[in-house]
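Here is my note on the model, point by point. Please read it with the structure open.

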Amino acid sequence: VSTQSTGSDLRLGRKQEEQMLESAIARCHENNQSRIISQPHVDIYKFDTCQELQAGTDMTYYGSFDGLEFYLCKGDKAIGDVDFSAIGDFVKILKELSKVFRLEQKAIHLYYGKVNQIAFNRNNSLFFNYYYYLLYLPDTSSIDPQLALFKSFVYWYGVYCHELAHQLESAHNQVHSNYMSAFYEKYLQSFIQKLESLSLLIPVLQNIN
């Protein structure tokens, strides 16, 4: 008996996978809570690896920026001491990327905390750490500002893919890596089109030696 997959089988498999990814995105929703105390298995993105957010991390809701809920980690600096000079740029990046994935913007949340997490997915709500946006913000004094913005978009696109993959697999294993790659591949064309619409590809091409 032949076990070879036909072209029709492959197309059906790809279609089913795409529907699965779209359904995972559709399940994302607003947190709509004034306080968050993390559970032991909330997933986070840290540098090139993923770790678990320790239980007991306490975040309090402080308001919103351009429609996105903002939280502050308990024990961190007072809200008045947070540098909000770049919050508008961060919000723009997250909102533009939400359009790439056709993700409802109310599912996006901001927070600030000097903790070992760049982002996490909590009960189908996505949270992105403004502290790390500031920490890894490219130095525009040494490179073209548009190129710096391009680098930020690419970085946070990867973070999005990682957190969305946790909609389908909570553990950090090969299954999660496969889903992350699937999100990256499925929405790459849309992402490139978004970069083009924002005129962010030209500086990149100009800086290629």
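1. Cysteines. Cys73 counts as buried because its relative accessibility is 4%. Cys28 is buried as well, at 5% relative accessibility. Buried here means under 20% relative accessible area, exposed means over 50%, and partly exposed is in between (1.4 Å probe, protein chains only). The structure holds zero disulfides, a disulfide being a pair of cysteine sulfur atoms within 2.5 Å.

2. Ground rules. This is a predicted model, in which local features need pLDDT of at least 70 and side-chain atom pairs count only at pLDDT 80 or more, while totals for chains, interfaces and linings use all residues. Residues are numbered from 1 along each chain as its sequence is written, and side-chain values use heavy atoms, with hydrogens and water left out. Helices (H or I, at least four residues) and strands (E, at least two) are DSSP runs, numbered from the N terminus.

3. Strand β5. Phe70 sits in strand β5, residues 68-73. Phe70 is buried, with a relative accessible area of 1%.

4. Helix α2. This helix covers residues 87-101, 15 residues in total. From first C-alpha to last it reaches 21 Å, close to the expected 21 Å. The expected span is 1.5 Å times one less than the number of residues. α2 is mostly covered, with eleven of its 15 residues buried. Among them are Phe90, Leu94, Leu97 and Phe101, but also Lys95 and Glu96. Arg102 follows α2 and has a positive phi, near 55 degrees.

5. Where do the charged side chains of Lys95 and Glu96 go? Lys95 forms a salt bridge with Asp66, the closest N and O atoms being 3.2 Å apart. That pair links distant parts of the chain: Asp66 is in the loop between β4 (58-65) and β5, Lys95 is in helix α2, and they are 29 residues apart. Asp66 is exposed at 59% relative accessible area, whereas Lys95 is buried at 14%. Glu96 meets Lys194 in a salt bridge, at 2.7 Å from N to O. This pair also links distant parts of the chain, with Glu96 in helix α2 and Lys194 in helix α6, 98 residues apart. Glu96 is buried at 13% relative accessible area, and Lys194 is buried at 16%. A salt bridge is a side-chain nitrogen of Lys or Arg within 4 Å of a carboxyl oxygen of Asp or Glu.

6. Helix α1 and the salt-bridge count. The whole structure has seven salt bridges. One of them joins Arg14 and Glu17, with the closest N and O atoms 3.9 Å apart. Both residues lie in helix α1 (residues 7-26), three residues apart, about one turn of the helix. An α-helix has 3.6 residues a turn, so residues three or four places apart point the same way. Arg14 is partly exposed at 41% relative accessibility, and Glu17 is partly exposed at 32%. Arg14, Glu17 and Glu185 are linked in a network of salt bridges.

7. Helix α4. This helix has 21 residues, 145-165. It reaches 31 Å from first C-alpha to last, close to the expected 30 Å. 15 of the 21 residues are buried, so α4 is largely enclosed by the rest of the structure. Asp144 caps the N-terminal end of α4, with a side-chain oxygen 2.7 Å from the backbone nitrogen of Gln146.

8. His176. This residue is in helix α5, residues 174-186. His176 counts as buried, at 3% relative accessibility. Its side chain reaches the backbone oxygen of His162 at 3.2 Å.

9. Positive phi in loops. Asn124 has a phi near 75 degrees, a positive value in a residue other than glycine. Asn124 lies in the loop between β7 (119-122) and β8 (125-129) and is partly exposed at 26% relative accessibility. Ser199 is another non-glycine residue with positive phi, near 60 degrees. Ser199 lies in the loop between α6 and α7 (201-206) and is partly exposed, with a relative accessible area of 41%.

Key
A polar contact is a pair of N or O atoms within 3.5 Å; within protein, one must be able to donate a hydrogen and the other to accept it, and residues adjacent in sequence count only if both atoms are side-chain atoms.
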